[in-house]
Amino acid sequence: MKIRRKSRWKRRKESRRGVALFMVLAIITILGSMAADLQNEASVNLQLAVNARDQLQAEMHAKSAMELELFLLRFQAMLKDSLAQFVPIPLFELSTYLISSDTMKGLLTERKGEPTDERKQSNWALGQKFGDFEGSFWIEEVVDENRKININKPPTTTCLNLVHVVMAGLFADPKYDELFEHIGDSRDSTRNRLELISSITDWVDGNDTVDTVCTITGDQSTGAASEDQRYRNMPYGAQYKPKNGQFASLMELRMVPGVNDAFMELFSKYFTVWTDDTGINLNTAEPVLMRAVITAMTPGGPQPGDEERFQKFMEEWSIMRVLPPPMNKLSKPAFLQLLQTAQIKIDQNMFSQLENQRVLRFDDTSNVYKITAVGRVGEATSTVIAVWRDDRAAG
């Protein structure tokens, strides 16, 4: 009997030891999970802090690139006078190469000669090249806004809006027919082109009647139709009125009837709302806009061989642009000579009107630029976009 009691007691003791072991393992598992969770939370918080730090540094780098670019643009006229014989293209077009932390580090070497003065020593960057910082910055793009069509430009008289003529030249290429067939209520691409030009003008002007685009159509009636009718059948049931005021930004163009994503992708880069009433600077104009200007001045509409003649014009212009200054400037005589060489006949009266009304110009003066600056630190990237106007250039 005694032996049995002892054996039973041992079994109870071993059973209690199993429960204790289970409780210890459970507590260790819970504590381990808590520790892992705390470690994960700490790692996440640390990474968030690192990302926030890198994002802030990247933004500061982008702003540094912007400040350097503004420095270059402010002194562009002075630099152009001293470097014109060596640089045949506008200096701002070199911004993507010049305004870069990598370029600066390559150009600027470390300081030499340690000062003996203790106060100067404390501020002396020994053995450090330009910008002893983590990350990099650069100018992504500098766009001359003066090379574009200003859709905020008001008409000179009731029936003389030469911006309409240039816009029609921009839209004239037959490859855009399919777009304009579906961009309005009708399937007529020509009619829809005119309606879209009219709608853009109606958004800006101060009256409530539809613009007849009489500079192109010759319809000099006052226009009895109301502008509001084009805003009553907008997609998704939206209804609103035209602004009857200038575009505040280019994205506002998307609110004009007929302007869709395809239109913005194709043509928005050729429009501007940032400049004053100064016309297109032909010295910096892109080939597409140059083609639009020439089309606007060509009488009789499209003719066989237009493409070949325009390509000849562009080839001659490209050759002229690489010549040393001042031979690379597209003056009025040089422009007319290029047209004659390419055998492009223009309407001299229309050309004179476009020049006199400042819809196009030949002076090499631009004063409004859209700047895109980028800074990067680690995986963080910051982009700063600004439109800058140099009012001093007007003088």
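Two rings of Phe, Tyr or Trp (for Trp, its six-membered ring) form an aromatic pair if their centres lie within 6.5 Å; planes under 30 degrees apart count as stacked, over 60 as edge-to-face and the rest as tilted. By this rule, the structure holds 17 aromatic pairs.

The model is predicted: local features need pLDDT of at least 70, side-chain atom pairs count only at pLDDT 80 or more, and totals for chains, interfaces and linings use all residues. Residues are numbered from 1 along each chain as its sequence is written, and side-chain values use heavy atoms, with hydrogens and water left out.

Select Phe171 and Phe267 to begin. Their ring centres are 4.9 Å apart and their planes stand at 70°, so the pair is edge-to-face. Phe171 belongs to helix H6 (residues 162–171) and Phe267 to helix H10 (residues 261–267), so the pair ties together parts 96 residues apart in sequence. Helices (H or I, at least four residues) and strands (E, at least two) are DSSP runs, numbered from the N terminus.

Phe271 lies in strand E3 (residues 271–272), 100 residues from Phe171.

Phe271 counts as buried because its relative accessibility is 0%.

Finally, select Phe171, Tyr176, Phe180, Phe263, Phe267 and Phe271 together: ring pairs link them into a cluster.

Key. Buried means under 20% relative accessible area, exposed over 50%, partly exposed in between (1.4 Å probe, protein chains only).
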